[in-house]
Amino acid sequence: MYVINKIKAIKPVWIILIICLLFILWIIQETGYFLPVAEEINNAWVDWKENRYYVYDRGEYPDDYVFLFDINKPAVRDEEYTFLYALKGDRKKEYKVLAKEYNIDYDGPQLCIQEGYEIPLDGEITGGILFNDDAFLDKYIVNTIVELSKNPDIIVPREAFSYKHLINPIYLCFNNCPVSGKYFGEIWEVGDSMIIYRKVDESDSSGEDKVALTFIKDKKVRRKLGKYMKDSWYEKMQQ
């Protein structure tokens, strides 16, 4: 009762002032005012914390080579409020890789890689990217999928499928790096079932290309995947 009486004793004008102050602080926070300030952010490189980051140029790599990542909250800005974003999956906040906000001359956010750092394409699997909205998948989900795929339930000719059946490609992340450049396979959703789809490396005596299908029975994995698999890759391409 003592606390309730104290609250009742506060004049309405003070309540309004406190609400306004909190709102102002929230606006300042959302604008990034309190973020660390980088020494330099331009179209080619970034200087921050005595480290240089180079903006990844997809043109330097083969056409079929791509890095996938899932953008998190802003991590740093410059004086003109150009933001760099942390990436989901960077659990240790090492910031070896960051994402530069959308550029009018570039289709989507640009990856910024710390000088001397290379995106790992093998090693310990510590996560993955679901190529739908480029959603980051945690270590448990991805390792469960990888282990399940080692013992497929059925192997069938590849011709039995068309791309509209392939829901979402999965890429692997290694060594706590939140960025992936390693394709693994696809997830196919049929009714209440989720199926791992992978190409079989070796064809049989018939010479036909084969694909391996593995049913995901782990409810925890299916529930987490279901949060991201709202639209198929094929459906998105048709929009």
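Predicted model: local features only at pLDDT ≥ 70, side-chain atom pairs only at ≥ 80, totals over all residues.

Trainee: Which strands are the edge strands of the open sheet?

Mentor: The open sheet has 7 strands in the order β9-β8-β11-β12-β13-β14-β10, with antiparallel pairing. From one strand to the next, the twist averages 35°. An edge strand here pairs on one side only, and this applies to β9 (135-137) and β10 (154-157).

Trainee: Over how many bridges do β8 and β9 pair?

Mentor: Strand β8 comprises residues 125-130, and its pairing with β9 is antiparallel. Within these strands, Leu-130 stands opposite Ala-135 of β9. The pairing of β8 and β9 extends over 3 bridges.

Trainee: What angle does the direction of helix α3 make with that of β8?

Mentor: Helix α3 (residues 139-149) packs on the sheet, and the strands it touches include β8, β9 and β11 (168-174). Its direction and that of β8 make an angle of about 90°.

Trainee: At what angle to β9 does helix α4 run?

Mentor: Helix α4, residues 219-228, lies across β8, β9 and β13. Relative to β9, helix α4 runs at about 170°.

Trainee: Why is the pair of Trp-48 and Tyr-95 tilted?

Mentor: A pair of aromatic rings is described by the distance of the centres and the angle of the planes. The ring centres of Trp-48 and Tyr-95 are 5.7 Å apart. Planes under 30 degrees apart count as stacked and those over 60 as edge-to-face, the rest being tilted. The planes of Trp-48 and Tyr-95 therefore make a tilted pair, their angle being 50°.

Trainee: Does Trp-48 count as buried or exposed?

Mentor: Trp-48 is in strand β2 (residues 45-48), whereas Tyr-95 is in the loop between β5 (83-87) and β6 (97-100), 47 residues apart. Buried means under 20% relative accessible area. Trp-48 has 4% relative accessibility and therefore counts as buried.

Trainee: Which ring does the charged end of Lys-220 sit over?

Mentor: The charged end of Lys-220 is 4.6 Å from the centre of the ring in question. That ring belongs to Tyr-140.

Technical notes. Residues numbered from 1 in each chain as written. Heavy atoms only, no water. Pairing = 2+ DSSP bridges. Helix = DSSP H or I, 4+ residues; strand = E, 2+ residues; numbered from the N terminus. Axes fitted to C-alpha atoms, helices over the stretch in contact; angles between N-to-C directions. Contact = heavy atoms within 4.5 Å. Phe/Tyr/Trp six-rings, centres within 6.5 Å; stacked < 30°, edge-to-face > 60°. Buried < 20%, exposed > 50% of the residue type's maximum accessible area, 1.4 Å probe, protein only. Lys NZ or Arg CZ within 6 Å of the ring centre and 35° of its normal.
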